[in-house]
Amino acid sequence: MMEIALCYNGLLALCLAMPKHYRQLFGRSSSDHVRWALKIAGWSAMAGSLLSAIASNGWSFGPVEWIGMTGVTGLVLIFLWPFQPQAAAILGALAVIAAATGVTI
Amino acid sequence: MKDSFTQSMDWLHTWGGLVFGWLLFVIFLTGTLTVFDKEITYWMQPELHRLTPSPVNIQAAADQLARLAPAADDWWIELPHFRTPELTISWQDLDQGQQEQRKLDPATGEIMTVRGTRGGEFFYRFHYQLHLDRLGTWVVGAAAMVMLAALATGIVIHHRIFKDFFAFRPQASLQRSWLDAHNATGVLMLPFHVVITFTGLVIFWMIYMPGGVDVFYEGEFGNMLAEVEQRVDRKRTGTPASLASLAALEQRAKIQWNGGVTEWIQVRHPGDLHATVDVVRRADDRLALISDRVTFDGTTGDVLKVWKGEGPAFLTYSVLIGLHYLWFDHATIRWLYFFMGLTGSVMIATGSLLWVIKRRESHTSNHSEYRIVESLNIAVVAGLLVAVAAFFWSNRLWPSDVPGRAVWEMRTFFLVWCLCAVHACLRRDCSKAWKEQLVAAAALFALLPLLNLVTTDSHLFVTLAVCDWRLAGVDLTCLAVGGSLFGAAWRIGRQAVPAQQSISSSIVEAGP
């Protein structure tokens with residue numbers, strides 16, 4: 001679950017790092033600082049999810065699972081975003097809560 | 001050809017995609033089903049559902065073989081596994097050449113009467129050779145080459161994909177939103193698409209590039225494999241000798257694998273002085289599809305060879321094909337492959353739909369031309385879904401003692417598909433044709449658990465109660481697919497033309 005949470009939220013942060021998507025959620029433009037912070041956070045979370053995948057699945061299955069996970073979580077994000085950006089953001093928070101409380105799949 | 005690089009890439013992507021798109025969709029969708037081939041096969045053989053995990057009686061299997069096939073030159077015993085609960089024995093007679101097979105209760109060794117079905121293997125064969133044998137393998141290979149070209153040209157022509165990475169605009173124009181869906185599914189899954197297409201080609205390198213095998217192994221791939229796998233080849237002597245205990249040999253082989261389990265046992269020349277026994281390890285815990293093997297002298301029980309797949313080239317090849325075959329046991333990755341395969345199918349289908357939408361919106365080409373393409377889109381995308389559902393239905397509806405039952409299931413599949421194609425061609429109004437076929441597929445999938453309830457004792461009420469996810473998963477996935485297809489059909493009904501977008505999103509989100 002940690003892997004999914006990091007992966008989804010990483011993609012979410014990278015999505016929000018783009019000015020037009022930031023405006024869709026918050027209704028105003030993002031500053032340069034925020035954009036950079038989101039980019040760094042997004043890429044770090046993606047790297048973290050890869051490490052998490054490797055930690056729990058080993059070097060051979062970990063990267064395979066991670067690639068699948070980025071694809072599928074990304075798909076959820078992309079197809080949810082235009083309809084309900086708030087829901088997409090809440091989903092990210094829920095994933096973090098689930099990971100923090102130790103939910104496993 | 002066209003003037004600029006991008007234009008020529010666009011030309012290749014458009015026309016290569018159009019001509020091979022339908023074929024690629026079929027290959028991708030059947031491949032996606034093959035991810036769960038064993039589960040489908042198990043679901044399609046309700047007679048096996050009463051089996052519970054138990055210690056395997058290898059000796060009973062050997063006794064059955066000795067009774068049924070004393071003169072056979074090769075015996076195979078395939079041990080049960082959590083994806084295939086039955087014990088399978090098969091043998092090949094020297095003079096007849098026909099391979100025979102029986103399914104056994106692993107605990108007692110008694111023969112089980114199981115309805116004739118191809119199960120998931122039907123989709124598997126379809127996936128790689130379209131049921132056309134060698135010719136089909138060539139056609140699928142050509143399609144895979146076009147797929148690689150389409151992926152490369154797709155990146156060139158949709159050059160904004162990274163700027164628009166998270167852009168899906170369902171409110172925008174029809175063409176725009178479909179293009180977004182096409183790009184999103186294509187780009188997000190790009191690593192998967194490239195790897196799965198390339199590794200698919202690699203599996204059949206000896207068919208597509210036979211030069212090396214022709215020169216060094218007289219065109220016999222088996223000769224090469226025997227050398228690579230260092231098989232022990234002993235000739236039959238004609239002197240009878242009794243066979244050592246297979247159960248004991250299997251136990252000794254397992255010691256070599258620290259924790260590995262046996263997948264199958266092969267006995268060559270059973271009953272002869274030169275009998276050899278190969279015990280082969282299940283490659284379930286590694287990416288590389290290398291099946292370790294211990295070869296014994298079948299008479300004395302001496303170890304003749306311990307093979308663990310040496311050599312970097314062989315390891316590379318095994319990892320590549322292992323990534324494609326997905327024989328390792330990893331439930332999360334299996335489900336991810338399933339969703340990625342669905343997404344790939346959606347990407348291909350949206351590409352074919354875009355061809356029509358683009359021309360319909362710009363009114364540049366004449367009506368009959370895109371009418372044909374549209375009909376084919378319906379017949380291939382919606383029609384295949386109906387046919388797959390019909391295949392599942394036929395498994396429950398054909399009486400279990402009909403001769404050639406497995407073939408009748410396949411005939412049902414192809415007949416229904418042909419009917420869908422005819423319907424797609426005859427129906428004037430394309431959006432109605434889409435809607436009708438999607439509703440048909442949706443109804444067939446959604447009602448499958450109900451049919452299962454009526455015809456078997458392993459329906460959802462039973463399987464969910466005992467948490468048998470192998471069986472319940474099939475029913476639940478069918479329910480989810482049916483629901484998604486209803487959603488897609490409903491959207492088409494709501495807005496006569498633009499609705500098909502929902503197909504992509506809903507199919508992707510299908511499944512438990």
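How many residues does the contact take from chain B, and how many from chain A? The contact takes 18 residues from chain A and 21 residues from chain B, two residues being in contact if their C-beta atoms, placed from the backbone, lie within 7 Å.

The model is predicted: local features need pLDDT of at least 70, side-chain atom pairs count only at pLDDT 80 or more, and totals for chains, interfaces and linings use all residues. Residues are numbered from 1 along each chain as its sequence is written, while chains are lettered from A and ligands numbered from 1 in the order in which they are written.

**Figure 1. The side of chain B that touches chain A.** Helix 6 (174-188), helix 7 (190-203), helix 13 (331-362) and helix 19 (501-508) of chain B each give two or more residues to this side. Helix 13 of chain B gives the most, with seven residues. By class, this side has 15 nonpolar (Ala, Val, Leu, Ile, Met, Phe, Trp, Tyr, Cys and Pro), four polar (the others, Gly among them) and two charged residues (Asp, Glu, Lys and Arg).

**Figure 2. The helices of chain A.** Chain A has four helices and zero strands, in the order α-α-α-α from the N terminus on. Helices (H or I, at least four residues) and strands (E, at least two) are DSSP runs, numbered from the N terminus.

**Figure 3. The interior of chain A.** Buried residues make up 40% of the 105 residues in chain A; a residue is buried if 20 or more other C-beta atoms lie within 10 Å of its own. Of the contacts in chain A with a separation of 6 or more, 71% join residues 24 or more positions apart.

How values were computed:
Buried ≥ 20, exposed ≤ 12 C-beta atoms within 10 Å, placed from the backbone.
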